[in-house]
Amino acid sequence: MRVGLFIPCYVNQFYPQAAIATLQLLRKLGVDVVYPPRQTCCGQPMANSGFEHLTQECNDLFLENFSGFDYIVAPSASCVLHVKQHLHSATDPALADRIRSSVYELVEFLTDVLKVDNLKARFPHKVGIHQSCHGLRGLYLAQMSELNALPFSKPVHLLNMVDGLELVTLDRPDECCGFGGTFCVAEEAVSVKMGKDRVTDHTKNGAEYITSVDLSCLMHLEGILQRNKSAVKAVHIAEILNSTL
Amino acid sequence: MEKQTKDHAALAEAFIQDEEHVNWHDGALWWIRQKRDIASKQIPEWEALREAASQIKSNVLSNLHDYLVQFEANAIKNGIKVHWAADAEEHNAIVYSILKEKDIRQMVKSKSMLTEECHLNEYLIERGVDVINSDLGEYIQQLDNEPPSHIVLPCIHKRKEEIGELFHEHLGTEKGVSDPTLLTRVARGHLRNVFVTRRAALTGVNFAVAETGEYVVCTNEGNADMGAHLSEVQIASMGLEKIVPLKKHLGVFLRLLARSATGQPITIYSSHFKKPREGQEMHLILVDYGRSRQLGRPEFRDSLKCIRCGACMNTCPVYRKSGGLSYHNTISGPIGAILAPNLDMKKHADLPFASTLCGSCSNVCPVKINIHDQLYQWRQVIVREGYAANTKVLSMKAMAWTLSSPTSYSTMGRAGRWVLNNIPFAVNNKFNPWYKQREMPDGPKESFGEWYAKNNG
Amino acid sequence: MSIRENILAAVLKNQPPASPLPDIDSFKGDAQDIISTYCDVFTSIGGQVFVVKNFTEVAALIKKNFDSTKRIVTTLSELSDVFELLSTSVDPHTFNDVELAIIKAELAVAENGAVWLPEQRMGQRIIPYICQHLAVIVPAETIVPTLHEAYRQIGEGQYGFGAFIGGPSKTADIEQALVLGAHGPITMTVFVLK
């Protein structure tokens, strides 16, 4: 099994430690992982702003980078969802189809493909899960509270394997944090208010760490935590699952 | 009301200034969302009902022409006078002509989003016809000369003290009285007097049954019925899309509507109007006003499935934090943001962007409208049609150019973290809205790409 | 072309290809414990329920629970020697002083507590709305599990007007504070006749 590691642009620049944790975790689990170096961005920031028509070159580059793998794995639900929904090719639609169906967010890859049932990880802290909307309602990583359907949660399933970790219960388990791509600056006031309210839900319920499958949400929540000099930290789920503290 | 100087972001920012009030607003609507969750989870076949409702509406849209003709024929057979209006102006003119013929100068109106869309009240008042909204929330909004901020809860953005002040000013209640029961009793007294003195009553329509030519109006207050059954002229205004094919389909929709809206098992009153009362005239106006055009937009036509329950507003975190009036449109919230651009794309170009695309709306929607996908699609259309700000177009083109080439990307990345300077949510300078209330991420020594090249080269 | 024809032409031109109707006849409710379910639901929506054996009990309960010095009207011949039999032909405005109206439902729905009242059962359309208090007799055997069974039973219906009524008139428009008695009845009482 050959896996191509897809590291979204802002993760590459701002959160290399999450990308490193993803790589190390996959290798620990015996996966042959390669990082194609010529990656830029999946095109989501443009597409979500209404400029999907400008993303063809990003798409072509993505196809070029990831055509040779059995699976493509990324530590970002949002970027994975974008690729799944919007990756197209004018010249090789079959390749685009195949890539769209072989791209996985890390947690779903671990649960659905590798079927991981134990992890040698330790993280002795109280942790709140921030459900990224794209992970939850786009990739169905967990059951959303809106539906009358059986509950499940892939992130919880994995976090339960981590030694010493205690999950905190939130008042609103799957409300949006307000990041929303360019929304976070175009609608700054609403975005920040949403983020502050999410942070409060975690802190008042005793979380020491907020984790998520999406660093974009975490970057937003972390920005608010740090501005308010909070001791609570934001950490990507890969870093917890790879942790041996 | 037509005047618009600020967009959603600016109006929302103003709303958010009073944080305690926003917290109340957010909590009140979240509570309704929770009641909706509890109600929906009491019905094991809930998701199947949503699917059935969505399919019935798909069928309606695909046969709308025939159903309209069938409904009209049956309604006429029942003794209802049917009118057709292409737009707001025609609709308003029809209402006025019906009243004028009977020399009626006062009308009572129950909740009808369509007549709000058409600005019927202003139209009639200009022509010397007095209109009173009888739904309590809409009555309060009318006293304050403000449009409704929510389709089900018209004055949810107001505190009881503000309402008490309005009642003091307009209805002569004692200053400082803000108890909801007391205020409701006062309004009940005033409006009872209105009901018994009005010769004409107008209602909206929730569902119109093609098979039988009857229409259903749902309220909790009983105001539609109080107006209709005491009037000599009854008028119903309905959008073309309100048709259901068969009467039995009402069972599906009425099971979903109130549970989705407020968590009630059914609205208190579900009134089925088929024939006029003896001696009464019953008029029904079928209004297009952009609906046939929306029907012709494949990616947006499912918005016409909406049954106006308001669940998408209650669940929408953006709506809850920004208030309905920030959408500067009769129908606010997520559903309003996908309906409004059809009517005036330029004026409402900001609305599809007033969302994080979190998808909660689509999943509470009782008729399964893919609201968040349509928000995404409207963004594409608005940009394509040239309604995006020029600065945005330039920055997006620059971004696309940089990201399309790994060389330009990594060069820019090394030369000071291109992303840090160019990704819209990461521009690190004092003009950057990100930085107003949030810290920037710490810039690491090296990118993952650089680390990987060193350690795996 | 007329406005009507223009609209219909635009609709015809723009409507999508045919999409079939789903089968909804499989939706059925649970008929078990239907009377107690009905009573629980109706109470939960702010109504009051009495299970009674006959009209004598109804009359006694009404005298006990309502102000008999005020105007009480009914459509029911069984109660006409105790209360005013309402006229179906007078001006509806004349009922503005009705304290209590007593009418009989055609059926009731356990799942949502609503009673079905075609206008013949109301006497006049305005009756269940204009009264300060509403009392409805529901024969126990007419309670159905859900709206699906209700609509099956109603069929086309021989009425000019009919309504499901599920509880006292209510509003929560002021700060979401529930207030019973918005414009219509302040209370609604159901007598389940067993």
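Predicted model: local features only at pLDDT ≥ 70, side-chain atom pairs only at ≥ 80, totals over all residues.
Local features need pLDDT of at least 70, side-chain atom pairs count only at pLDDT 80 or more, and totals for chains, interfaces and linings use all residues. Residues are numbered from 1 along each chain as its sequence is written, while chains are lettered from A and ligands numbered from 1 in the order in which they are written.

The C-alpha atoms of chain C fill a box of roughly 65 × 45 × 40 Å along the principal axes.

Now chain A. The axes of helix 11 (residues 188–204) and helix 12 (residues 215–227) of chain A come within 9 Å and cross at roughly 80 degrees (axes are lines fitted to C-alpha atoms, for helices over the stretch in contact, with angles from 0 to 180 degrees between N-to-C directions). Helix 11 of chain A and helix 12 of chain A are therefore roughly perpendicular (65 to 115 degrees).

Chain A also touches chain B: 60 residues of chain A are in contact with 63 residues of chain B (C-beta atoms, placed from the backbone, within 7 Å). Helix 12 of chain A gives the largest share of the chain A side, 7 residues. That side divides by class as follows.

| Class, side of chain A touching chain B | Residues |
|---|---|
| Nonpolar (Ala, Val, Leu, Ile, Met, Phe, Trp, Tyr, Cys, Pro) | 33 residues |
| Polar (the others, Gly among them) | 16 residues |

Key: Helix = DSSP H or I, 4+ residues; strand = E, 2+ residues; numbered from the N terminus. Parallel < 35°, antiparallel > 145°, perpendicular 65-115°, else oblique. Contact = placed C-beta atoms within 7 Å.
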